[in-house]
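Biologist: Hi! Could you walk me through the helix packing in this one, and a few residues along the way?

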Amino acid sequence: MQTTTHTQTPTALVFGGSRGIGSAIGRRLAKDGSNVSLTYVSSPDRAIETVAAIEGIGRQALAIKADSANSADIQNAVRQTVDRFGRLDTVVVNAGILRTGDFSSVGLDELDLMLNVNVRGVFLAIQAAAAHLHRGGRIITIGSNTAVRSGHPGASVYSMTKAAVAVMVKGIAVDLAPRGITINNIQPGPIATDMTKDLLDSLSSLIPLQRVGEPDEIAALVSYLASPESGYMTGSSLTIDGGMAL
Ligand SMILES: NC(=O)c1ccc[n+]([C@@H]2O[C@H](COP(=O)([O-])OP(=O)(O)OC[C@H]3O[C@@H](n4cnc5c(N)ncnc54)[C@H](OP(=O)(O)O)[C@@H]3O)[C@@H](O)[C@H]2O)c1
């Protein structure tokens, strides 16, 4: 049983916050002053490490096992966050999966999994969390530059899911605008994480800035979008990829 902490400290919820970009985002939002709730599905050890890092920054953190393919898990993650911290200010929907393969060999199970986590799960997370946000609340999704330039073989389904997120964000931005809540989408190019560890060497040569990105560079943009300074931006997709999609 969790105890509720009613606090003036803002609260951020990061879906998929155990490792990679999501872990960097959780730590950055903690440095910026938020308590952080994060979800994970398969890496409890990495989630615990991220919680410890956030606590080391001096903020409170909560790790919740919640599969973004499961709507009950998503709702439970939001409920646990609000129960524990008493408020919700920033939501980052980062959980995502990459499976590659020529379109002709993509099976139904694989197709459904990608759509469930990368599209349906994003929509349901925003829907569940938005009910608890107030004026000035912030929602940030993590899409991909493949929504703009799907230049690699075998990326049709992944690119489709990330393009869906970019358009979803536009529609939700209009719906949320009267409540003074903004939603924006970040579209990274290749970033050094577990997801891309086998691909980075082949991708670097395609990037005008001639290097892959770091998770902290994505977290820095999240920091801006989560701040009051970004208040006039909503429905946007911001590509951050070393110029790869140009
Ligand atoms: N890395 C890149 O080059 C790159 C480029 C463009 C876009 N992106 C996007 O950025 C996001 C993060 O990518 P990453 O590179 O940090 O990936 P990663 O290292 O593979 O980490 C993925 C994160 O999402 C979580 N996750 C995966 N499936 C989940 C599910 N079904 N339910 C809940 N959480 C789930 C993972 O939790 P567990 O640890 O428990 O598995 C982990 O925290 C993704 O949306 C990805 O598509 C990444």
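Predicted model: local features only at pLDDT ≥ 70, side-chain atom pairs only at ≥ 80, totals over all residues.

**A chat about helices and contacts**

Modeller: Happy to! T161 is buried, with a relative accessible area of 0% (buried is under 20%, exposed over 50%, partly exposed in between, with a 1.4 Å probe and protein chains only). Residues are numbered from 1 along each chain as its sequence is written, and side-chain values use heavy atoms, with hydrogens and water left out.

Biologist: Good to know. Which helix is T161 in?

Modeller: T161 sits in helix α5. Helices here are DSSP runs of H or I with at least four residues, numbered from the N terminus (strands are runs of E with at least two).

Biologist: And what does T161 touch, leaving out residues up to four places away in sequence?

Modeller: M114, L115, N118 and V119; contact means heavy atoms within 4.5 Å. With N118 there is also a side-chain to side-chain polar contact of 3.2 Å. For that term, a pair of N or O atoms must lie within 3.5 Å; within protein, one must be able to donate a hydrogen and the other to accept it, and residues adjacent in sequence count only if both atoms are side-chain atoms.

Biologist: How do α4 and α5 pack, in angle and axis distance?

Modeller: Helix α4 covers residues 108-130 and helix α5 covers residues 156-176; they pack at about 15°, with axes 10 Å apart. The axes are lines fitted to C-alpha atoms, for helices over the stretch in contact, and angles run from 0 to 180 degrees between N-to-C directions. So α4 and α5 are roughly parallel to each other; angles under 35 degrees get that label, over 145 is roughly antiparallel, 65 to 115 roughly perpendicular, and the rest oblique.

Biologist: Nice. At roughly what angle do α3 and α4 cross?

Modeller: Roughly 35°, with the axes of α3 and α4 coming within 9 Å. α3 passes α4 in a right-handed crossing. S71, I74, Q75 and V78 of α3 meet G121, L124, A125, A128 and A129 of α4. That contact of α3 with α4 divides into six nonpolar, three polar and no charged residues.

Biologist: Let's jump to the start of the chain. How are α1 and α2 arranged?

Modeller: Helix α1 (residues 20-31) and helix α2 (residues 44-57) pack at about 15°, with axes 9 Å apart. That makes α1 roughly parallel to α2. The crossing of α1 and α2 is right-handed. S23, G26, R27, A30 and K31 in α1 meet T50, A53, I54 and I57 in α2, and these divide into four nonpolar, three polar and two charged residues.

Biologist: What does the side chain of T50 make a polar contact with?

Modeller: The side chain of S23, at 2.9 Å. T50 is buried, with a relative accessible area of 3%. Leaving out residues up to four places away in sequence, T50 touches G17, S18, S23 and L38.

Biologist: Last topic: what is the phi of Q210?

Modeller: Q210 has a positive phi of about 60° although it is not a glycine. Q210 is in the loop between α6 (200-204) and α7, and is exposed at 67% relative accessible area.

Biologist: And which residues does Y224 touch beyond four places in sequence?

Modeller: Y224 touches E229, S230 and M233. Y224 lies in helix α7, residues 215-226, and is partly exposed at 33% relative accessible area.

Technical notes. Left-handed = near helix turned anticlockwise from the far one by under 90°. Nonpolar A, V, L, I, M, F, W, Y, C, P; charged D, E, K, R; others polar.
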